[in-house]
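Subject: A structure for you to look at

Hello,

Here is the structure I promised to pass on to you. Please open it next to this message, and then read on for what turned up in it.

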Amino acid sequence: MDSEMKGFYKNKTVFITGASGFLGRVIVEKLLRATEVSRIYVLIRAKREKSSQERLEEWKSDALFGVLLKTKPNMLDRVVSIAGDCQEPDLGISSKDRELLKKETQVVIHSAATVNFSDPLHIALDTNTRATYLMLQLAKEMGHLVAFVHVSTAYSNCVIHHITENFYPGHLSCSVDEVFKLRDMFDNDLIDSMGPALLDKFPNTYTYTKALAEQVVQKEAGQLPMCIFRPGSIIATSREPVPGWIDNIYGPIAMIYGAAIGVLRVAPVLGKGRSNIVPVDFCANVVLAAAWQTAKEAAERKSQTQTPLPSPTIYNYLPYDKNILTNDDLTEAMERHRFDYPLIKCIWFPFMVSMPIHWMFKVAAFFFHLVPGYLIDLVLRLKGQKPRMIRMYTKIHKTMDVLSPFSSRSWSFDTTNTDRLWQCLSPVDKQLFDFDMKTLNWDGYFLRACAGMRIYLAKEDPSEECLKRGQQHLKKLQVRHRLLQLSICCCAIATVKWFLWLIL
């Protein structure tokens, strides 16, 4: 049986924004490796004195593309950089490139976003919301467009507890049109100062501006063949193109990595809460399948002369209800596998205590983080070295404060459309573009993610010799950890006995 999805993408021209990001690069790699796509235009901004083309050239040495380039050395020639910036008017795209995109693009995947929860409102608004509006206006001029996928987030409607595959404009403090008017009227500083009033119940500028972007899609999609993809927290690959590949420390991976190094020992996490993590390679497959299904449904409606088009389909993508992973499961998996892929740069035996209540986390962080930090910094000063632990913990605690609205709460999601999308795939496509969260073995996945974290984040040698050194190092840290625990227990018992002697 032939693959319907491979047939769909054969000789297609795809335009991807956010292609230099975590999910964007995985989508590009999958298209090049698994389909016969004709051309991929990628919107890339110049950065650190490197042009968009120079940044694209760096992909040739990226581990993500290693498997592809071994079998198809020239496949990256099919990727063409489009210089642009989502914060700029008209996306910073030149007139010549705009005409090229209008003429050739058949599939659009808009994944560009700033995922920094602490970004000022004006930056998040321009990048996440206004850029979506500008992309839709550009798409309306694309004469051969068959599908447009807007990548949102499962947390775009985090102000409610059960999130279905519907639009929720009623939770915004004011409409996106009114927000755009304010943005045009006032400067950056004034817009930022209005943030608390505009965000209302939203915990940060990221979720708020992604919610606004969904309203943009709802209002502006019109006759476009369009859908929205809402993934959970995207982390390391499960299998493709290499197991455990990851290149960033965002969301849950920040906690896991911090614990693995031995610096994060307590976190504001709801232990029984759902950990809504999803593998990035699965997410890429959902995006590609959603584009295929959107084009297919649009073509069927066109042949039946049914108008107008319905509201864009929304695909929530989270762990399956009967195969969920809790935060406690995640912590237990880390502790269970800490000797499998230990880090040589680990400074203490890895463990993590969950403290969902904010004040309890602050108290625990004082004893678990700050007290050891001050002691280590004191030793460093006595040795004539620069202290660093308290400065590091200040940054870690700021990150924990930003993540706590998500790690200390739990949501439930409806995934009816995504489940139906999976059933629409042929048996061949289910193998080629797997995203089935029902059958994902979490323990196996976490083991692969830990191996990848060690190689791609910690930059440690994947050799057996280096792995054994890491295991020996961890055993020494475990002995020190147990001795410290024993010392603390002895001191506590002695203190209690002394107190009882005083009062009796």
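The second largest cavity has a volume of about 120 Å³. A cavity here is a set of points, on a 1 Å grid over the protein atoms alone, where a 1.4 Å probe fits but cannot get out, and a lining residue has an atom within 4 Å of a point. Grid points are joined across faces, edges and corners, and the volume is the space filled by probe spheres set on the points. Please keep in mind that this is a predicted model, in which local features need pLDDT of at least 70 and side-chain atom pairs count only at pLDDT 80 or more, while totals for chains, interfaces and linings use all residues. Residues are numbered from 1 along each chain as its sequence is written, and side-chain values use heavy atoms, with hydrogens and water left out.

Which residues line the second largest cavity? They are Ile256, Ala260, Met334, His337, Arg338, Tyr341, Pro342, Leu343, Pro350, Cys450 and Met453. By class, that lining has 9 nonpolar, 1 polar and 1 charged residues. In this count Ala, Val, Leu, Ile, Met, Phe, Trp, Tyr, Cys and Pro are nonpolar, Asp, Glu, Lys and Arg are charged, and the others, Gly among them, are polar.

Now look at how α11 and α18 sit against each other. Their axes come within 12 Å and cross at roughly 75 degrees, which makes α11 roughly perpendicular to α18. The axes are lines fitted to C-alpha atoms, for helices over the stretch in contact, and angles run from 0 to 180 degrees between N-to-C directions. Angles under 35 degrees count as roughly parallel, over 145 as roughly antiparallel, 65 to 115 as roughly perpendicular and the rest as oblique. Ile253, Ile256, Tyr257 and Ala260 of α11 are in contact (heavy atoms within 4.5 Å) with Phe446, Met453 and Leu457 of α18. These contact residues divide into 7 nonpolar, no polar and no charged.

How many cavities of 30 Å³ or more does a search of the whole structure find? It finds 6. The largest cavity has a volume of about 150 Å³. Its lining has 14 residues, and Thr418, Asp419, Phe435, Asp436 and Met437 lie nearest the centre. Both β11 (313-317) and α16 (416-424) supply at least two residues of that lining, with the largest share, 4 residues, coming from α16. The classes are 7 nonpolar, 4 polar and 3 charged.

Next, a pocket. A pocket is an open set of grid points with protein on both sides within 12 Å along at least five of seven lines. The second largest pocket has a volume of about 650 Å³. Of its 20 lining residues, Arg265, Trp348, Phe368, Pro372 and Leu484 lie nearest the centre. Helices α14 (358-382), α15 (389-407) and α19 (464-503) each supply at least two lining residues, and α14 gives the most, with 6 residues. The lining of this pocket divides into 15 nonpolar, 2 polar and 3 charged.

Finally, two backbone details. Most residues other than glycine have a negative phi, and most peptide bonds are trans. Aspartate 200, in the loop between α9 (195-199) and α10 (205-220), has a positive phi of about 55 degrees although it is not a glycine. The peptide bond from glutamate 240 to proline 241 is cis, with omega near -10 degrees. You will find proline 241 in the loop between β8 (233-235) and α11.

Happy exploring!
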